[in-house]
Amino acid sequence: MHELAVWNASQLVTLAGPARPRVGAEMRELGIIENGAMLVRGGRIEAVGKRPEIERLVSTETEIVDAGGRVVLPGFVDAHTHPVFAGNRADEYELRAEGATYAEMAARGGGIRSTVRRTREATDQELMEAAKRYRGWFLRAGTTTIEAKSGYGLTLETELKMLRVIRQLGSEACLRYVPTFLGAHEIPDEYRGRPGEYVKLIVHEMLPRVTAERLAEYCDVFCEPDVFPEDRARAVLEAAKACGLALRVHADQFRGDYGSLLAAELEAATADHLEATTDAGLRALHEAGVQPVVLPASVYALGLTRYPPARRMIDLGMPLVLATDFNPGSSPTASMPMALSLASTHLKMTPAEAITAATINAAYSLGRGGEIGSLEPGKSADFAIHDAVDYREMAYFFGRETARAVYIAGMRMALS
Ligand SMILES: [Zn+2]
């Protein structure tokens, strides 16, 4: 069986700890081993310790990976992304820089509707090619697992097309994909003025096909009063739950204590965004065991100033998750190190808290806490060697592609 020893890590950041998401002061405990090393056998972590302890276990057959005095982290788990779409919105980005507002661009048919138009027209091959480019960006940031949402098709066939592309990407074993059905991302143009009809399409046609083909593990809804208000969001989420899908909710991005209360009531796995949430929403989520997912890159990229109350979430003891929200409109970044920087600068999370939120807590939010998210014996050997000597540099020196080598299940990934 193929064996690998990683050593000469300035810090092996293990995130070892209890077999559950980390809360409160635990989020600062990274389980760091200075001059750390790790033995991997058959794609799984066999042992973790100081270099001399691991050196004793090595045979002549063992492949040696010298970390070169750098930091080794578990692969980041990005628990909220929209990584499959056609075209991009660089033109709108330029217009916004020149002073155009979101409302003006929406009136010109821009925003998410332009991405939907192009994604509908794209072939599977075109979507794959674009998504492979973004896959490289995730990997070069040190990310090894992403949650991947549909939601730019908004017809039965084009939503299935997106989910099949996600399945194909996952089967290539270059990055792990966890698929989420987001048919309720927006009301498509052809259903303007009759949103109830679109909800029926989701419930009666899309969800049964998605589940029959096992194309998704989660169902997500963009729950805001003027997109999918509470009653319509509830109809979709309840139907998804009945089909056996677990739930994630785009909640409280603009209206406070709205989607969060629904996510709590339906015991969703996560409530994501939460920029506008107050203590009532947070307490409801906490009592229901829903993990909050904060997405500071979407606040930054929209040029807004209201960041989610991450400090309050940690103080309440909530198992916080940090993700990029990679998408062509509000958060065009696949960089978890960028999210770490934003978390420390704007959310006032320590670098350690941010790393915990981007690894082990994120893994639990995707039902994979026993498999990935930390470097502990028995887990899959998903890790990255970063251009950093101290883990805090990951958040501090921002705007870099930090990963020098990335492994998934003990296999070295090509970073080109
Ligand atoms: Zn999103």
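Gln253 sits in the loop that runs between β9 (246-251) and α9 (259-265); helices (H or I, at least four residues) and strands (E, at least two) are DSSP runs, numbered from the N terminus. The model is a predicted one, so local features need pLDDT of at least 70 and side-chain atom pairs count only at pLDDT 80 or more, while totals for chains, interfaces and linings use all residues. Residues are numbered from 1 along each chain as its sequence is written, and side-chain values use heavy atoms, with hydrogens and water left out.

Despite its place in a loop, Gln253 is buried, at a relative accessible area of 9%. Here buried means under 20% relative accessible area and exposed over 50%, with partly exposed in between (1.4 Å probe, protein chains only). Neighbours within four places in sequence aside, Gln253 is in contact (heavy atoms within 4.5 Å) with Phe222, Glu224, His273, Leu274, Glu275, Ala276 and Arg306.

Next comes the metal site. His80 (NE2), His82 (NE2), His250 (NE2) and Asp325 (OD) coordinate the zinc ion at 2.1 to 2.6 Å. Donors are N, O and S atoms within 2.8 Å of the metal (3.2 Å for Na, K and Ca), and water is not among the atoms, so sites may look incomplete. Along the chain, the zinc donors are spaced as H-x1-H-x167-H-x74-D. His82 belongs to the loop between β5 (76-81) and α2 (90-97), and Asp325 to the loop between β12 (321-322) and α13 (336-346), so this pair ties together parts that are 243 residues apart in sequence. His82 is buried at 2% relative accessibility, and Asp325 is likewise buried, with a relative accessible area of 2%. The angles among the four donor atoms run from 81 to 165°, and the site counts as irregular. For four donors, tetrahedral would need all angles between 85 and 135 degrees; four count as square planar and six as octahedral if opposite donors are over 155 degrees apart and all others between 65 and 115, and anything else is irregular.

As for α13, nine of its 11 residues are buried, so the helix is largely enclosed by the rest of the structure. Among the buried ones are Met336, Pro337, Leu340 and Leu342. The buried residues of α13 pack against β5, β6 (143-149), α11 (296-301), β12, α14 (351-358) and α16 (393-396).

Leu340 turns up again in the largest nonpolar core, which has 109 residues; Phe181, Tyr198, Ile202, Phe228 and Met349 join Leu340 as those with the most contacts inside it. Such a core is a set of buried Ala, Val, Leu, Ile, Met, Phe, Trp, Tyr and Cys residues joined through side-chain atoms within 4.5 Å. Helix α7 (residues 195-212) gives the most to this core, with eight residues. At least three core residues come from each of domain 1 (3-74 + 373-412) and domain 2 (76-365), with bounds taken from an automatic or database domain assignment. A second, separate core of 17 residues includes Ile33, Val40, Val72 and Ala381. Between the two domains, 32 residues of domain 1 are in contact with 35 residues of domain 2, and their C-alpha centres lie 29 Å apart.

Finally, the cysteines. The disulfide count is zero, taking a disulfide as a pair of cysteine sulfur atoms within 2.5 Å. The sulfur of Cys243 has its closest cysteine sulfur in Cys219, 8.7 Å away and so too far for a bond. Cys243 is partly exposed, with a relative accessible area of 33%.
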